[in-house]
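Keep the structure open while reading.

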Amino acid sequence: MGFHPALRSEEPSLRNPRLVERRATPRRYLMCPPAHFKVTYSINPWMDPAKPVDVPLAVAQWEVLRDRYRGLGHTVELLDPRPGLPDMVFAANGATVVDGRVLGARFAHPERELEAAAHLEWFRAHRYAEVHEPVHVNEGEGDFAVTASYVLAGRGFRASPLSHGEAQEVFGRPVIGLDLVDPRFYHLDTALAVLDDADDSVMYYPAAFSPGSRAVLRRMFPDALIASEEDAVAFGLNAVSDGRNVVLPQGAVGLFGPLRERGFVPVGVDLGELLKGGGSVKCCTLELRP
């Protein structure tokens with residue numbers, strides 16, 4: 001994949017979308033019901049303890065997402081929620097799983113640190129052979145995105161740069177560091193989504209990244225779908241794809257047409273209550289890659 005100098009990072013791709021037939025592949029996801037979800041502290045710009053959370057509505061929205069995955073033919077495993085850990089619903093932050101190898105999380109904020117142990121217990125109870133407890137701060141798939149060729153790794157607000165080398169040793173895949181510079185996009189999964197992990201298709205919001213990281217993304221993914229700020233702040237990049245169906249917040253309306261043009265099927269869902277905690281579709285979804 002070569003650098004395409006005519007492609008500007010701040011504009012949608014001017015290339016014709018690749019005319020390929022997208023194929024969905026069955027996935028396994030780990031999710032945690034938001035039974036104890038609330039916002040009592042603020043560790044990202046989206047969290048405001050003054051705004052009340054409707055827990056029954058959050059549960060109902062989460063159940064729609066879970067059922068949507070199952071309706072698409074995917075398997076959903078469940079992590080039991082624990083009292084006192086309101087952010088456990090954001091299961092993607094608790095680990096990263098590649099080729100059946102598990103790298104656990106080490107959270108940057110003490111409010112979430114007990115979630116890491118809960119995830120490790122689940123993986124050990126389900127007989128994962130390689131479960132690694134990390135030395136350095138990483139927040140799971142919040143800052144690790146997996147394609148066929150790479151592990152993309154965010155840094156700047158949560159994950160330690162030292163976690164990138166640790167992940168490379170665990171997974172045996174090249175890890176590419178990307179610097180996040182806008183606090184609204186504090187995790188990589190708020191600024192970039194993998195659309196097809198078989199052919200390294202991604203979409204991202206350029207202004208969330210440093211100039212150097214934008215240049216890296218242009219070079220690596222010259223045909224990427226470029227999101228607008230409006231769709232990015234609607235958490236449209238906090239999406240989950242099975243290679244064909246892209247489940248994303250229904251408010252990111254500007255992404256639906258470009259996704260269809262590239263052969264994907266956008267599936268909109270409403271997770272408005274969970275957005276009060278700074279998370280949406282991907283945050284709720286940890287992929288269990290075999």
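How much space lies in the largest cavity? About 240 Å³. The model behind this value is predicted.

**Cavities**

- Searching the whole structure gives 4 cavities of 30 Å³ or more.
- The lining of the largest cavity is made up of 22 residues. Nearest its centre lie V194, A239, K282, E287 and R289.
- Three strands each supply at least two residues of this lining: β6 (144-146), β9 (192-196) and β12 (240-241).
- The most comes from β9, which gives 5 residues to the lining of the largest cavity.
- By class, 11 residues of that lining are nonpolar, 9 are charged and 2 are polar.

**Aromatic pairs**

- A pair of aromatic rings is described by two values, the distance of the centres and the angle of the planes.
- The count for this model is 9 aromatic pairs.
- One of them is Y29 with Y69: the ring centres are 4.6 Å apart. Their planes stand at 50°, which falls between the 30 and 60 degree cut-offs, so the pair is tilted.
- This pair links distant parts of the chain. Y29 sits in strand β1 (residues 28-31), Y69 in helix α1 (residues 55-71), and 40 residues separate them.
- Y29 and Y69 are both buried.
- W122 and F123 also pair, with ring centres 5.1 Å apart. Their planes are at 85°, over the 60 degree cut-off, so this pair is edge-to-face.
- W122 is buried, and F123 is buried too.
- One aromatic cluster is formed by W122, F123 and Y128.

- Where is the place of R158? It is in the loop between β7 (151-155) and α3 (162-171).
- Is R158 buried or exposed? Its relative accessible area is 7%, under the 20% cut-off, so R158 is buried.
- Which side chain does a polar contact of 2.7 Å join to that of R158? The side chain of E139.
- A polar atom of the R158 side chain also lies 2.8 Å from the backbone oxygen of I43.
- Leaving aside residues up to four places away in sequence, R158 touches I43, N44, A108, H109, V137, E139, D143, Y186 and H187.

How values were computed:
Residues numbered from 1 in each chain as written. Predicted model: local features only at pLDDT ≥ 70, side-chain atom pairs only at ≥ 80, totals over all residues. Heavy atoms only, no water. 1 Å grid on protein atoms, 1.4 Å probe; cavity = no way out; pocket = protein on both sides within 12 Å on 5 of 7 lines; lining within 4 Å. Points joined across faces, edges and corners; volume = space filled by probe spheres on them. Helix = DSSP H or I, 4+ residues; strand = E, 2+ residues; numbered from the N terminus. Nonpolar A, V, L, I, M, F, W, Y, C, P; charged D, E, K, R; others polar. Phe/Tyr/Trp six-rings, centres within 6.5 Å; stacked < 30°, edge-to-face > 60°. Buried < 20%, exposed > 50% of the residue type's maximum accessible area, 1.4 Å probe, protein only. Polar contact = N/O pair within 3.5 Å; in protein donor to acceptor, adjacent residues only side chain to side chain. Contact = heavy atoms within 4.5 Å.
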